[in-house]
Structures are given as C-alpha cells and as structure tokens.
Amino acid sequence: MIKLGDLYHYSLEKFPEAEKAYLKTTQIDNFYPTVWFRLGELYKDHLQNFKKAEKAYLKEIEINQDRSYIIIIYNKLGTLYQDEFRDYEKAKDYFEKALRIDDGNDKSSDTSYNELPDKVEEEKSTYSNRSS
C-alpha cells in the first residue's frame, strides 16, 4: 500500500488518495518504516494540515530507530513550529534535539544524514519516470 501512496503522492499528485493509501498501510502495519514520515510530508506540503503533520512526524520518531530520519524529522518539526505555528521556543527545542543527535560521529544508521535527501529524490524520480 505504501507504493500506491507514493504513486498518488509523487507521480499523480492525488493527495487525498495518497493519504488513504498511507493510512491503510498503517492499519496493516503500524510500524512500517517511513510511512508516518511520508504522511507528515503529505499533510505539511499538500494538505496544509499542520497538526496532523506534527502527529505523523512524532509517530515516526516513536517507531523508527534510524537516527538520520530522526534528525531530519526534528528539523522538520522545528521548521513547522517556526513557520506555521510561530512558536519559536518550541522550534528551537526541536532544532536543538536534532543537533544533539547529529554529533557528527554517528556511524550507526544505515543512511547518513547527507545521503537521505538524495534517496528521497531517487524514490520520487522512480515514480515520476514510471508515470511518464
């Protein structure tokens, strides 16, 4: 179901359908890696539901042990609080959490912080190329 959500999200830009597919994925497996992150991105960037984005990001942090993702999510939460909620103190807290995790010596995660945006872009382009 996550692949269907990605197709709707990244290639077809049918955002309500993407949300349904992602949520179905969580019903099948609530601990599926990155599904909550993808929901957070969908809610923030396309559905403009910032409270749901926050909840999705926090759920991803709860279930995903990949430190690289956690760093990115804390940064996304910081940006969400800065830009959308205008709660600068909370934004600062999230940015500082990301900094505390990103000590520069983290060799434990499968994906480095610097590689993750490239991996996300690769995944997006895979779906875009299939729909072309």
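Student: How many residues apart are Glu96 and Lys92 in helix α6, and what does this separation amount to in turns?
Tutor: Glu96 and Lys92 are four residues apart in helix α6, which means that about one helical turn separates them. A helix here is a DSSP run of H or I with at least four residues, numbered from the N terminus. An α-helix has 3.6 residues a turn, so residues three or four places apart point the same way. This is a predicted model, in which local features need pLDDT of at least 70 and side-chain atom pairs count only at pLDDT 80 or more, while totals for chains, interfaces and linings use all residues. Residues are numbered from 1 along each chain as its sequence is written, and side-chain values use heavy atoms, with hydrogens and water left out.

Student: What makes the pairing of Glu96 with Lys92 a salt bridge?
Tutor: The term requires a side-chain nitrogen of Lys or Arg within 4 Å of a carboxyl oxygen of Asp or Glu. The closest N and O atoms of Glu96 and Lys92 are 3.7 Å apart, and the pair therefore meets the limit of 4 Å. Through shared partners, salt bridges join Glu89, Lys92 and Glu96 into one network.

Student: Which salt bridge brings Glu89 to Lys92?
Tutor: The side chains of Lys92 and Glu89 meet at 3.3 Å, N to O. These two residues also belong to helix α6, where they lie three residues apart, about one turn.

Student: Why is Lys92 called partly exposed?
Tutor: Buried means under 20% relative accessible area, exposed over 50%, and partly exposed in between, with a 1.4 Å probe and protein chains only. Lys92 has 39% relative accessibility and therefore counts as partly exposed. Glu96, at 31%, is likewise partly exposed.

Student: How do you know that the length of α2 agrees with its number of residues?
Tutor: The expected span is 1.5 Å times one less than the number of residues. For the 14 residues of α2 this gives 20 Å, and the end C-alpha atoms are 20 Å apart, so the two values agree.

Student: Why are the buried residues of α2 said to line one face?
Tutor: The buried residues are Phe15, Ala18, Glu19, Ala21, Tyr22, Thr25 and Thr26. Seen down the axis of α2, they fall within an arc of 165 degrees, so they line one face of the helix; the arc is that of the directions from the axis to the C-beta atoms. The face turned away carries the exposed residues Lys20, Gln27 and Ile28. The cover over the buried side includes α1, α3 and α4.

Student: What makes Thr25 a buried residue, and which residues is it in contact with?
Tutor: Thr25 has a relative accessible area of 5% and is therefore buried. Contact means heavy atoms within 4.5 Å. Leaving aside neighbours within four places in sequence, Thr25 is in contact with Met1, Ile2, Asn30, Tyr32 and Val35. Its side chain reaches the backbone nitrogen of Ile2 at 3.1 Å.

Student: Which residues have the most contacts inside the largest nonpolar core?
Tutor: They are Tyr22, Tyr74 and Leu77, in a core of 30 residues. The elements giving two or more residues to this core are α1, α2, α3, α4, α5 and α6, and α5 gives the most, with nine residues. Such a core is a set of buried Ala, Val, Leu, Ile, Met, Phe, Trp, Tyr and Cys residues joined through side-chain atoms within 4.5 Å. Beyond four places in sequence, Tyr74 is in contact with Ile61, Tyr94, Phe95, Lys97, Ala98 and Ile101.

Student: Where is Thr79 found, and which residues does it touch?
Tutor: Thr79 is found in helix α5. Not counting residues up to four places away in sequence, Thr79 touches Glu84 and Phe95. With a relative accessible area of 35%, Thr79 is partly exposed.

Student: How many helices and strands are there in the protein chain?
Tutor: The protein chain has seven helices and zero strands, where a strand would be a DSSP run of E with at least two residues. Of its 132 residues, 41% count as buried.

Terms used: A polar contact is a pair of N or O atoms within 3.5 Å; within protein, one must be able to donate a hydrogen and the other to accept it, and residues adjacent in sequence count only if both atoms are side-chain atoms.
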